[in-house]
Amino acid sequence: MKKDSKRYYLSTFIMAFAFIFILTIISHAGGGYLISGSITFEGIWADTFQIFLYKDKTFIVGNYVLDIIAIFVFPLFFVIIFWLIDFLTRKLKSKKRKAEEEEREKYDDFINGVSREMNATDKFNIEDYRHFRENEKFQECLKKLYSIYKDGETPNVNYALLERKFNKNSKEKEAIDFLIDYTKKKREEIENSNTPEEKEEKNE
């Protein structure tokens, strides 16, 4: 049963109603009240909420009324709380999913740009591309280049570290050197497009 279905909330209400009803019966069987045992009525309120059944006994209407209201209000309150929790959870998940999708699209755009630039050089053939895709270290370097492109260099993610990832004269080394130059150019475009306020905020 889906949490956002009417049946789910109806079931929640019924179970809460049964639970509160049982507690009320137990409380009254013991001579007390569910939520109003500590309530006392004085002055005009005592006259309002008391009905004298016979000479030495008093029936306090107010306490029973409050308990009857509680039998219906408490379950409704629980349903509202559960609905709010489910609603906020869905909103957060939706927001997170949307952010992940946007980030994935941006990464795909970066990779497509990388592919176009590499194809334009005619330095790499189909076999090279297949090898790059299967090479986990190379794919990890691409992700780090994207991180630099998006947020700039950090002590743990920078061009110098990536340049030392592959052996000299290897196709991976040649490709990474080319992609570092590409990323530098793209990063400069981003920095030049930032306003002075944005640059100052990043520096802080």
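**Exercise 1.** Are Phe 110 and Tyr 182 buried or exposed?

*Solution.* Phe 110 is buried, and Tyr 182 is buried too. Buried means under 20% relative accessible area, exposed over 50%, partly exposed in between (1.4 Å probe, protein chains only).

This is a predicted model: local features need pLDDT of at least 70, side-chain atom pairs count only at pLDDT 80 or more, and totals for chains, interfaces and linings use all residues. Residues are numbered from 1 along each chain as its sequence is written, and side-chain values use heavy atoms, with hydrogens and water left out.

**Exercise 2.** Classify the ring pair of Phe 110 and Tyr 182.

*Solution.* Start with the rule. Rings of Phe, Tyr and Trp (its six-membered ring) pair if their centres lie within 6.5 Å; planes under 30 degrees apart count as stacked, over 60 as edge-to-face and the rest as tilted. The whole structure holds 16 aromatic pairs. In this one, the ring centres are 6.2 Å apart and the planes meet at 50°, so the pair is tilted. Next, place the residues. Phe 110 lies in helix H3 and Tyr 182 in helix H7, so the pair ties together parts 72 residues apart in sequence. Helices are DSSP runs (H or I, at least four residues), numbered from the N terminus.

**Exercise 3.** Describe the setting of Thr 12.

*Solution.* Thr 12 sits in helix H1 (residues 6-29). Its relative accessibility is 7%, so Thr 12 counts as buried. Leaving out residues up to four places away in sequence, Thr 12 touches Val 79 and Phe 82. Contact means heavy atoms within 4.5 Å.

Conventions
Helices (H or I, at least four residues) and strands (E, at least two) are DSSP runs, numbered from the N terminus.
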